[in-house]
Amino acid sequence: MTHEWTDRLSEYLDGELEARERARVEAHLAGCAECARTLAELKAVVARASRLPEYPPEADLWPGIERRLAPRRRLLDLRALLSGGPRVSVPIPQLLAAGLAVMLLTAGAVWLALERRTTLRVVPGPQPAPVAGLAAPDTIAPEAAGAVAADFGFSRYDAAIADLERTLSQHRGQLDPATVRVVELNLRLIDRAISQARRALESDPANPYLNNHLADQMRLKVDVLRQVTALIHA
Amino acid sequence: MERSDPGVTTPTTISEGLPGADDRDDVARARAGDARAFERLYRRHAARVHGLARRMMGPGPADEATQDVFVRAWEKLATFRGEAAFGTWLYRLAINLMLSRRAWLGGQRRRLDDREETLAAQTARPAMTDLGMDFEGAIGRLPEGARQVFVLHDVEGYKHGEIADMLRVTSGTSKAQLHRARMLLRRHLEA
C-alpha cells in the first residue's frame, strides 16, 4: 500500500471518505495484507478507546471545591431576591457583603494578573459568551497560538447593558423603592469592579485573567439587569 | 449528535446514559444556591471529568483541574439554560478549561514532532502486563496535539469539526492528528 492510503485508513475506518475513494481503498485492501493488518490494528485501538473506564479521583475533591463556592453563594442571593425566589427577604448587610465580594474578587484578580504579567508572554484571548439570551456555556476559549485579539467582544455586553439600563431608567417607578435601592447599590459595586478591570486592561489589554474577570463582571451586570427588567415586565 | 446551547455540541456517546432527570432537579436547586445539590452533581460527574482531566492533562494536575472545573461550573451555572444535558454542558466547559490551562502551561504551543520519537522508542512493546494500564500510559505519552484529538474523538466522541473548533485547527489537521495517535497506540495492543 502506498503512503497515501496508509495515511487515510483512519478516515476510511471512520466512514469519512467519499464513495470513490472508499472503493479505491477497499480494492487496495483486498490485495494488501500489510494494510489490512494495519486497518485491523486501528480498529482495535478505536475499540479499546471506547472501553476506557471512568477515572474517579483517588481522594474526595469535594471539600476543596466546597470551600471555593462560598463567594458565589452570596452573589446568588441577589439573583434570588430579584427573581422572587425563596430568599426574598435578604438582609441589606448580606447584599453589601455580596458587593464587597465583587470588589475583593476584582482587587484579587487585578493583583494576580499584574503579578503574572511579567512572567506570561503568550496569553489566550477569552471570548465572552453571546449576550443575547445570556447564552454563555463558558467563556474560556482555547488559545489561538500566538494570537492576541484586539476586541474580546465586550462591546456586545456594553450594548446589552445600555439597553437594559435604559429600560430600567424608564420603568423604575414600577419597582418597589427598597428593591431599587438594593439593585442600584449592587450595580454600583459591579460597575466599580468593571472600572477597575478596565483600568488594569489599559496597561495589559491581552491579559486573560483580567479579560475573563471583566467578562464575568459584565455578565453579572447583564444578569442582574435582565432580572430587574423581567420584574418590570412581569 | 445534538446541538443545543450555542457553542455546546453534544456527542451522542456523552449525552446517553447520564442521569439527566436527577441532574435537572439538582441543577435547579444549585442555581438557587443549594450547595448540597451541587455536591450531588459533583458526585455523579466527578469520575468522568477527572478521567478527562487525567487523559488531557496527565495525572499530576488532574485533581486540581477537576476542582477548577466544578468551581467554574458553579460560577457559570446561571448561564446554563438546560437545553442540553447538564453533563454535556459540564464536559464542554471542562474541555475548554483544560485546553486553556494547557495553553497557559505552554503545552498547546509545543509542537508535536519533538515528542513522537520518544513515544515510538518507548512503545516498541508493552512494558506492563496490564495492557489496559499500558494503553492509558501510552495515551499520556502521545504528542500533545495527537493526544488531545485522540481523547476528544475516540474517547469522548466529538467529531472532527467540533474538535477543530475547540483546538482552533482545521478538520484536516484533526484527522491527521487522530491517525497519528492511532498509529502510535496500536503498538500497545500487541501481545
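**Exercise 1.** Which residues in α9(A) are buried?

*Solution.* The model is predicted: local features need pLDDT of at least 70, side-chain atom pairs count only at pLDDT 80 or more, and totals for chains, interfaces and linings use all residues. Residues are numbered from 1 along each chain as its sequence is written, while chains are lettered from A and ligands numbered from 1 in the order in which they are written.

Step 1. Take the criterion: a residue is buried if 20 or more other C-beta atoms, placed from the backbone, lie within 10 Å of its own, exposed if 12 or fewer, and partly exposed in between. Helices are DSSP runs (H or I, at least four residues), as strands are (E, at least two), numbered from the N terminus.

Step 2. Apply it to α9(A): Val182(A), Val183(A), Asn186(A), Leu189(A), Ile190(A), Ala193(A), Ile194(A), Ala197(A) and Ala200(A) are buried.

Step 3. An α-helix has 3.6 residues a turn, so residues three or four places apart point the same way.

**Exercise 2.** Describe the largest nonpolar core.

*Solution.* Step 1. A nonpolar core is a set of buried Ala, Val, Leu, Ile, Met, Phe, Trp, Tyr and Cys residues joined through C-beta atoms within 7 Å.

Step 1. The largest has 58 residues, and Ala53(B), Leu90(B) and Met98(B) are among those with the most contacts inside it. Helix α5 of chain B (residues 86-105) supplies the largest share, 10 residues.

Step 2. A second, separate core has 22 residues, including Val183(A) and Leu189(A).

**Exercise 3.** How do the axes of α9(B) and α10(B) cross?

*Solution.* Step 1. Axes are lines fitted to C-alpha atoms, for helices over the stretch in contact, with angles from 0 to 180 degrees between N-to-C directions. Those of α9 (residues 160-167) and α10 (residues 171-185) of chain B come within 8 Å and cross at roughly 105 degrees.

Step 1. Angles of 65 to 115 degrees count as roughly perpendicular, and α9(B) and α10(B) are therefore roughly perpendicular to each other.

Step 2. Arg168(B) lies in the loop between α9 and α10 of chain B. Its phi is near 60 degrees, a positive value in a residue other than glycine. Arg168(B) has 17 C-beta neighbours inside 10 Å and so counts as partly exposed.

Methods
Angles under 35 degrees count as roughly parallel, over 145 as roughly antiparallel, 65 to 115 as roughly perpendicular and the rest as oblique.
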